[in-house]
Amino acid sequence: MDKQNVLMNTPHPRTDVPPPGYPPQYPPAALQGPPGHTEYPKPQAGYPVPPADYSVPPAGYPVPPAGYPVPPPGYSHAGPAGFAVQNQPVYNQPGGPAGVPWMPAPPPPLNCPPGLEYLSQINQVLIHQQIELLEVLTGFETNNKYEIKNSLGQRVYFAVEDTDFCTRNCCGPSRPFTLRIIDNMGKEVITLTRPLRCSSCCFPCCLQELEIQAPPGVPVGYVIQNWHPCLPKFTIQNEKREDVLKITGPCVVCSCCADIDFEVKSLDEQIVVGKISKQWSGLLREAFTDADNFGIQFPLDLDVKMKAVMIGACFLIDFMFFEKTGNQEQRSVLW
């Protein structure tokens, strides 16, 4: 009994006091906040380091508020200018093939029409005309559609012809047309207008002409056909109708298994500054469709307005020499 009483009366060691050398569990009273303030616990030593693929937003990127739900895996978004997150969504326009990435919009330079900033950083574009199945099966001409890409295969613009059924099938490749070029946001940034004109060198007073507007309603340049007895020749003009460049094509606008080049030259035609090339698309595509591929090369520092005019010249050349009517291709017959 005496031994039990001794054990019961012996004070037990306190468990709420840390052993010697152990840091205090609570901060000193001088470091505590006002009454009712609860300090957030600080991470202890050995706190796990975030994984290597942990994404840290760049400087200036807005931080989500507290309690904001964490995006699920695979979520993609676009950050500030110049910042792109992997798995960025791909924008597709009606009529264009799905899965083709769009070229990201660069910062617009000074005095650049809206939508033409894409052209400020490239010196080459590729134009691919889409195959229209209804046109192949029935023979009726449909509105042409084109993809305009950069050298990396990214889509820069999408072009759609806007003409009525009677005009397309009665006038054929000589038809007047309005071609609307839209960007990755579906906004029309360039409009090409071709009036009804003569296509023969026998009528030098009424040759082909194309007006380029950017944005729609604001002319930035013109493509004018020049009379010549055997060569296809054009002049590129600015919005003031001043001559800027010349375009000269081959005498015979026809070739098999090879490209057809239209050289872009200086006004004195002594210096070649670029070219518009009709690319060979393969025997089956060339024989049974009028869907053509083109490549345009121009100086990188060329005015974006003149780059847009060169793109318009490519479409005019396509309609004049490489369109079909009743499965009969209009090549060099115009001359």
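Me: What are the ground rules for numbering and confidence here?
Reply: Residues are numbered from 1 along each chain as its sequence is written, and side-chain values use heavy atoms, with hydrogens and water left out. In this predicted model local features need pLDDT of at least 70 and side-chain atom pairs count only at pLDDT 80 or more, while totals for chains, interfaces and linings use all residues.

Me: How many helices and strands does the chain have, and what makes a run a helix or a strand?
Reply: The chain has five helices and 14 strands. Both are DSSP runs numbered from the N terminus: a helix (H or I) has at least four residues, a strand (E) at least two.

Me: Why is the pair of Tyr118 and Tyr157 called edge-to-face?
Reply: Rings of Phe, Tyr and Trp (its six-membered ring) pair if their centres lie within 6.5 Å; planes under 30 degrees apart count as stacked, over 60 as edge-to-face and the rest as tilted. The centres of Tyr118 and Tyr157 are 5.6 Å apart and the planes stand at 70°, so the pair is edge-to-face. Tyr118 is in the loop between helix H1 (2–9) and strand S1 (124–129), and Tyr157 is in strand S3 (residues 155–161), 39 residues apart. A search of the whole structure gives six aromatic pairs.

Me: What makes Phe294 and Phe322 an edge-to-face pair, and which parts of the chain does the pair tie together?
Reply: Their distance is 5.8 Å centre to centre, with 70° between the planes. Phe294 belongs to strand S12 (residues 293–297) and Phe322 to the loop between helix H5 (304–321) and strand S13 (324–325), so the pair ties together parts 28 residues apart in sequence. Ring pairs also join Phe262, Phe294, Phe321 and Phe322 into a cluster.

Me: How do you know that a charge sits over the ring of Tyr222?
Reply: The criterion is NZ of Lys or CZ of Arg within 6 Å of the ring centre and within 35 degrees of the ring normal. The charged end of Arg241 sits over the ring of Tyr222, 3.6 Å from its centre. The charged end of Lys278 is likewise over the ring of Phe322, 5.6 Å from its centre.

Me: Why does Cys230 count as partly exposed?
Reply: Buried means under 20% relative accessible area, exposed over 50%, and partly exposed in between (1.4 Å probe, protein chains only). Cys230 has 34% relative accessibility, so Cys230 counts as partly exposed. Cys230 lies in the loop between strand S7 (219–226) and strand S8 (233–238). By contrast, Phe294 and Phe322 are both buried, and Tyr118 and Tyr157 are buried too. Of the 335 residues of the chain, 38% count as buried.

Me: What makes S2 a partner of S1 and of S3?
Reply: Two strands pair if DSSP finds at least two bridges between them. S1 and S2 have four bridges in the antiparallel sense, and S2 and S3 have five, also antiparallel. Leu126 stands opposite Lys149 in S2, while Tyr146 has Ala159 in S3 as its bridge partner. Four of the five residues of S2 (residues 145–149) are buried.

Me: Which residues touch the most other members of the largest nonpolar core, and what makes it a core?
Reply: A nonpolar core is a set of buried Ala, Val, Leu, Ile, Met, Phe, Trp, Tyr and Cys residues joined through side-chain atoms within 4.5 Å. The largest has 52 residues, of which Ile276 and Phe315 touch the most other members. H5 supplies the largest share of this core, 14 residues.
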